[in-house]
Amino acid sequence: GELKALIVKTSPASRERMLEKLRSVGRIKCVILAGIFIGSETSRADIMIVGEHLSDRRLKEFIEGLEAEVGKELTCVALNTNDFRYRYTMFDRFVRDMLDYPHEVLINKLKV
């Protein structure tokens, strides 16, 4: 409980740092935070990143940095924009769960 409260208290600064670090990962179109970032233990993933030209190496470094900051292994999903749009229009269960259940949108250039 105390760890969750600490994470929630430091979240605004963490969000700003996340945005800075995400710039180097690729052209980010959408970032959805759930799970540990919003204090939910029932989320299917902690973070979903949608974008173009995502660098696997930089994405891995970004996630490892977040895991070190949070002190827990994170569940991360990275999709390219076309794959996300296809899944969204086909009512993919995972994508719908991320959007229908409690979450926080950090970046939303796709207007979902």
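A residue is counted as buried when its relative accessible area is under 20%. By this criterion, strand β1 of the predicted model is mostly covered, with five of its seven residues buried. Strand β2, which spans residues 47-52, is likewise mostly covered, five of its six residues being buried.

Both strands belong to an open sheet of four strands, arranged in the order β3-β2-β1-β4 and mixed in its pairing. The edge positions are taken by β3 and by β4 (104-108), each of which pairs on one side only. On average, neighbouring strands of the sheet are turned by 15° against each other, direction ignored.

The pairing of β1 can be followed on either side. Strand β1 (residues 27-33) runs antiparallel to β2, and six bridges connect the two. Within this pair, V31 lies opposite I49 of β2, and I32 lies opposite M48 of β2. Towards β4, strand β1 is again paired in the antiparallel sense, here over four bridges. V31 takes part in this pairing too, with I107 as its bridge partner in β4.

Residue I47 stands opposite C76 of β3, and V50 stands opposite L79 of β3. Together with helix α3, strands β2 and β3 make up a β-α-β unit of right-handed sense.

Helix α3 covers residues 56-70, 15 residues in total, and reaches 21 Å from its first C-alpha to its last, close to the 21 Å expected at 1.5 Å a residue. Its buried residues are L59, F62, I63, L66 and V70. Viewed down the axis of α3, the buried residues fall within an arc of 95°, so they line one face of the helix. An α-helix has 3.6 residues a turn, so residues three or four places apart point the same way. The face of α3 turned away from the buried side carries R57, K60 and A68, which are exposed. Just after the helix, G71 adopts a positive phi of about 80°.

Helix α4 (residues 81-89) contains D83. This residue is partly exposed, its relative accessible area being 29%. D83 and V50 are separated by 33 residues in sequence, while their C-alpha atoms are 8.9 Å apart in space.

C30 is buried, with a relative accessible area of 0%. C76, by contrast, is partly exposed at 27%; within the sheet, C76 of β3 is the residue opposite I47. A disulfide is a covalent bond between the sulfur atoms of two cysteines. The number of disulfides in the structure is zero.

Terms used: Residues are numbered from 1 along each chain as its sequence is written. This is a predicted model: local features need pLDDT of at least 70, side-chain atom pairs count only at pLDDT 80 or more; totals for chains, interfaces and linings use all residues. Side-chain values use heavy atoms; hydrogens and water are left out. The expected span of a helix is 1.5 Å times one less than its number of residues. Buried means under 20% relative accessible area, exposed over 50%, partly exposed in between (1.4 Å probe, protein chains only). The arc is that of the directions from the helix axis to the C-beta atoms. A disulfide is a pair of cysteine sulfur atoms within 2.5 Å. Two strands pair if DSSP finds at least two bridges between them. A crossover is right-handed if, with the strands pointing away from the viewer, the path from the first strand over the helix to the second runs clockwise. Axes are lines fitted to C-alpha atoms, for helices over the stretch in contact, and angles run from 0 to 180 degrees between N-to-C directions.
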